[in-house]
Amino acid sequence: MGVALKVRGLQASVGSVKILNGIDLDVPFGEMHALMGPNGSGKSTLCHVLCGHPDFTAEGEAWVDGREVLGLEADERARLGLVQAFQSPVAVPGVDLAELMREAAEERGIDPEEADRRIAEASRRFDMAPFLERSINDDLSGGEKKRSEIFQISVLSPKAALLDETDSGLDIDMVRKVASAVEEMRGPGMGVLMITHHSRILSYVEPDRVHVMMGGRIVTSGGPGLAQELERDGYEGLRKRLGIKTPSAAAPARPSSDFFTDLPFEV
Amino acid sequence: MLSLNSDTLERLNAAVPASVASRRREALREYGRLDMPSPKEENWKYVTLGFDLDAMTIPAAPGDTLPEGDFLSALSHRAGSAVMVDGRLTGIENHSEAWLGSAAEAWGAYPPSDLLTPDTDKFAAAALAFSSDGISLRIPRNRAVEAPFVIDVQSTLPDTVTFPSLDIRAEENSEATVVVLLRSPDEVASVMVPNLQTTVGSGARLSVTTVGIMGNEGVTIMHHRSRIGRDATFRAGEIGLGGRLARIDLRTTLEGAGGSVEVVGLYFGEMEQVLDYRLVVNHVGRSTSSDVFLKGAVEDQAQSVFTGLLRIEEGAVGTSAFETNRNLVLSDGAKANSVPNLEILCNDIICGHGSSVGPLETEPMYYLMSRGLSRQRAERVLVRGFFEEAIGRLPVDDLDEPARQAVNRRFAEAQEGGRV
Ligand SMILES: Nc1ncnc2c1ncn2[C@@H]1O[C@H](COP(=O)(O)OP(=O)(O)OP(=O)(O)O)[C@@H](O)[C@H]1O
Ligand SMILES: [Mg+2]
């Protein structure tokens, strides 16, 4: 099977602040990979850089199903099959969720009936009916926003899905639903990169690989056992095992203190 | 063709009661005394008129009635309608218990409203001196009329000026909805100076929505004065799309205790249009409330102006007054001016204002594009969403769809033409 998402030597910065320091990653079709890492290690940045957020400048290479995406506009990447569920999605007042999904379908040349069918199906699965006619992420609770994000992934069914902490803030039943949806999506047409801080979801849907990111790098990868090790020993334990001693070398450069809130390493 | 002079005034006066005639003469004196407004005056800042009222004439007879158009056809269910063409009342239809008819005819029964004073500016003076006719609508006390009254004011003849007078009174505990359309065909350089006066009696509920859809050469200089009684509710809807210059000078006074006013609406300027909103809400009575909420966009070289003054007089304790004006600037050459203002002469009130001017925001753009919407489609969706909040608050639901279509079409055309 091919590779849904392949990343090589990806570096990224905002202005003069370097955040990603060389990422290599392969998520084959049919697989789900978990990406873990301390706060501020660059997980969300990786998603944004891959999806084409205009604030970042990137170097390196990234392919979605064999198509190079880094030079493309955000919308082209999405239509090639790379879509993320945002960690903190922005509110879009006045634009409702169903409308967005219909526009997205129309842009892809999907006929309106098929679009409505997909919307209805995903809406049943994630109990989204009350939110379809409401403004996107406007006055939604934290968990409702996450539901809205996974709902959109389910409607758009991308080739490579980036789920950025979709399980955070969800109630127990919803975590199970997300897990079973990921389980179903993990088919021959999709590869999933799931960013999470909680090994709980990984007990419902077992990852094929677990990657750990620190200071803008993937510092180690392994099987599901790696998540359990983290659960037990924390990042501090992992650092000891890997002999990561000089955090300032791995941490992103800091031109001023207010860029940095959550220190990934002890300084 | 009639010039704006005393001969014309005396001709008009021949048919009216003496009290009206003498008020007209007084207005003519003001007209002679006042200069054409200039952008140097604070209240006319940003506005270049580009014509001289003295050089314009009042049409002697009305031209051809205009075809219906999207807004009118959306208002199929009506309590009554009145059509004015080039300053003359040409049609009246009324299915309600309200009195709807010619203002000139009404003057025989009761004096016209005097909410607008001739010293306001030269246009107000001219409107009060030279209005040949108008429409009077009176909702009798304790009557509720559900369907909207539609007042269709047209200007069809080039180089003319008309002064339609629109006098709307909702008596005690009555209820009504009114839509006023101001329109002219493209390429007709005419000036319309409507004098809209609304009186909302105690406990009454009235909404008046003006739909400004003049053609590309048309000018409207509208004065809207409203007076709101005890526990009365007034809603003013504004849809501003048309005209080379469209100005609304709206002053509303909350006189009685417990009265409330809401001014909601949207405007969208294109090409060289100037859309000019001057709003004053005057809180006089205790426990009165106001909410001004206008959203606008400008593209090409269009300009918009919003000045909104919330004035809370001594004694207006328990007032709540809010004002929001949000503007999208969609082309480099376009400009939106937004100046909210407060004048508070009283303690114990709640007051707030917000104003913004800027392009489409980048984070929502990125969000929509990350779902696969092209930049152009994402822009259209955001523009549509921007106006949706204002459309949802318009007092007349039948106007939602034509308003939505009009703003969407306007932006889509600019996109297609590469103007935004
Ligand atoms: N636009 C930006 N400008 C400056 N710094 C940024 C910007 N975006 C992210 N950063 C910094 O980059 C680092 C990585 O942030 P990122 O959001 O990718 O972390 P994360 O791994 O997703 O953390 P979390 O687990 O808390 O979600 C942080 O130190 C953050 O402050
Ligand atoms: Mg994050």
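Me: Which residue of E15(B) is the bridge partner of B:Ser207?
Reply: This is a predicted model, in which local features need pLDDT of at least 70, side-chain atom pairs count only at pLDDT 80 or more, and totals for chains, interfaces and linings use all residues. Residues are numbered from 1 along each chain as its sequence is written, while chains are lettered from A and ligands numbered from 1 in the order in which they are written. Strand E13 (residues 205–213) of chain B runs parallel to strand E15 (residues 233–240) of chain B and is joined to it by 8 bridges; strands (E, at least two residues) and helices (H or I, at least four) are DSSP runs numbered from the N terminus, and two strands pair if DSSP finds at least two bridges between them. Within E15(B), the partner of B:Ser207 is B:Arg235.

Me: Is H2(B) roughly parallel or roughly antiparallel to H5(B)?
Reply: Helix H2 (residues 18–33) and helix H5 (residues 122–130) of chain B have axes 8 Å apart and pack at an angle of about 150 degrees. Angles under 35 degrees count as roughly parallel, over 145 as roughly antiparallel, 65 to 115 as roughly perpendicular and the rest as oblique. The angle therefore makes H2(B), relative to H5(B), roughly antiparallel.

Me: How many nonpolar, polar and charged residues does the contact of H2(B) with H5(B) have?
Reply: Residues are in contact if their C-beta atoms, placed from the backbone, lie within 7 Å, and those that make this contact include B:Ala27 and B:Leu28 of H2(B) and B:Ala125 and B:Leu128 of H5(B). Ala, Val, Leu, Ile, Met, Phe, Trp, Tyr, Cys and Pro count as nonpolar, Asp, Glu, Lys and Arg as charged, and the others, Gly among them, as polar. By class, the contact has 7 nonpolar, no polar and 4 charged residues.

Me: Is B:Asp348 buried or exposed?
Reply: B:Asp348 lies in the loop between strand E22 (335–344) and strand E23 (350–358) of chain B, and has a positive phi of about 60 degrees although it is not a glycine. A residue is buried if 20 or more other C-beta atoms lie within 10 Å of its own, exposed if 12 or fewer, and partly exposed in between, with C-beta atoms placed from the backbone. Because B:Asp348 has 9 other C-beta atoms within 10 Å, it counts as exposed.

Me: Which helices give two or more residues to the side of chain B that touches chain A?
Reply: Here 19 residues of chain B are in contact with 23 residues of chain A. The residues on the side of chain B divide into 8 nonpolar, 5 polar and 6 charged. The elements that give two or more residues to this side are helix H6 (362–369) and helix H7 (375–391) of chain B.

How values were computed. Axes fitted to C-alpha atoms, helices over the stretch in contact; angles between N-to-C directions. Contact = placed C-beta atoms within 7 Å.
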